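Please read them alongside the coordinates.

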Amino acid sequence: MLTRKVYQKKAYYYLDHAATTPLSKEALEAMIPYLTEDFGNASTIYTLGQRAKQALEESRRTIAETIGAKPQEIYFTSGGTESDNWALVSAMVSGRQRLLHEAIQRDPDAIVNGHLITDKIEHHAILQTCKYLESLGFDITYLDVDSKGHVDPRDVEAAIRPDTILISVMMANNEIGTLEPVTEIGRVAHDHGILFHTDAVQAYGHIPIQVSEMNIDLMSASAHKLNGPKGVGFLYMRRGVNLKSFMHGGAQERGFRAGTENVAGIVGFAKAAETACASLRARNIREQQVRDHLIARLTRGVKFAWLNGDPVDRLSNNINITFQYIEAETLLLLMNEKKIYASAGSACASGSLEPSHVLLALGVSREDALGSIRLSIDPDLSIEDADYLVDTLKPMIERLRRQSSRYLEAIGELPETDAEEPEAKAAGAADAVDTEDAGGALH
Ligand code: PLP
């Protein structure tokens, strides 16, 4: 039985769970009272407000438990972007002040730039914040990754300088799903007395996380990636780190994050996080099976196609494949006509024909990066669904490729001299996509 989602009486396939996920029924139900009868402001002293405050603190406890943290170490924010901005900007600004203070004891004319180490495949929430920090005079090292997207902890160590304040490396990449060696990187950071931040927006609720065991000082997470509501997230801040407030105003979140708390959103986040973390292993197993089936069929059954990222060390719901000789944007439009929804690169960068910075960092050419799509699945997708998807995608890919003279040349159907007349030469061409056993192109 196909498990296409039914929305407004229309069936569709949603394969973009890395961009966002639907709000779960349990999360919505948990939220409703705080959008209706228990609408009070959590900072007020009367019963209505105190009920909201109680829900807020219960949610904090629930979330803290999922990562082995203490409730006081969880600070609610408006999402992953805010958490990333807060961690980076506040750590760097206060770190530089501290280093400068120490340096001028030795030399009153001392100058301290302040240095942050990150990598080239971070989400824009990190990379654009780094650009902003550069405009404030900070130095940033953007580490290379290997061809599967891994940051090498030895490269992290080699990049450390006397004025390094923070290391920020994501837990799982949003485009290719590669899992980074955060425990080792955190250990390197701590061996050198440097703070370690990880953007766990794609990882939280999808892989097990224990902040102390993983040497994490600061961690960003977001509700809408795990069937919670949009516009709510948290920053985990290890006790003693005490970053300065990033949002200035009221004394909410123990004075560290001003702004009336999004109680309903936070309650929904806690419910979704509790469910996601409790069902994590079972979901991983189901997703992995369908993921690997899809990967096998798409890379072995379609010529000139390969998987980007690590085949094993990756999120269970992520598939990122390059189909040479097509433009992914056009393929996505054809898929859209069949109500199959997916992304090319990251959602935040879509709408532009810029190749993904992540794929470029892996060594994928600009042209091939533009032919790459990301399918991010959920555990409801069955093997049968996956087969339907592959069978629908294959003719689309072939149709697009037949418009490319480079493709026809690659399959020997277009002599170089006849490059102006691809259609004529294409007539009667072999069905090049139906080659399940032909093997994908090497990369
Ligand atoms: N970091 C990563 C790795 C992400 O994938 C995203 C969202 O796609 C963000 C940060 C931003 O999170 P939010 O949408 O909650 O602001």
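How many residues does the largest nonpolar core have, and which of them have the most contacts inside it?

1. The largest nonpolar core has 61 residues, and I209 and F234 have the most contacts inside it. A nonpolar core here is a set of buried Ala, Val, Leu, Ile, Met, Phe, Trp, Tyr and Cys residues joined through side-chain atoms within 4.5 Å; buried means under 20% relative accessible area (1.4 Å probe, protein chains only). Helix α7 (residues 263-278) gives the most to this core, with 8 residues. Helices are DSSP runs of H or I of at least four residues, strands runs of E of at least two, numbered from the N terminus.

2. This is a predicted model, in which local features need pLDDT of at least 70, side-chain atom pairs count only at pLDDT 80 or more, and totals for chains, interfaces and linings use all residues. Residues are numbered from 1 along each chain as its sequence is written, and side-chain values use heavy atoms, with hydrogens and water left out.

3. A second, separate core has 32 residues, including L15, L307, A328 and V390.

4. T164 lies in strand β6 (residues 164-168) and is buried, at 9% relative accessible area. Residues up to four places away aside, T164 touches H115, I117, A159 and I194.

5. Confidence: the chain averages a pLDDT (the predictor's confidence in each residue, from 0 to 100) of 91, and 89% of the residues score at least 70. Over residues 421-443 the pLDDT is below 50, yet this stretch has 46 contacts in the model beyond near neighbours in sequence.

Definitions and conventions:
Buried means under 20% relative accessible area, exposed over 50%, partly exposed in between (1.4 Å probe, protein chains only). Contact means heavy atoms within 4.5 Å.
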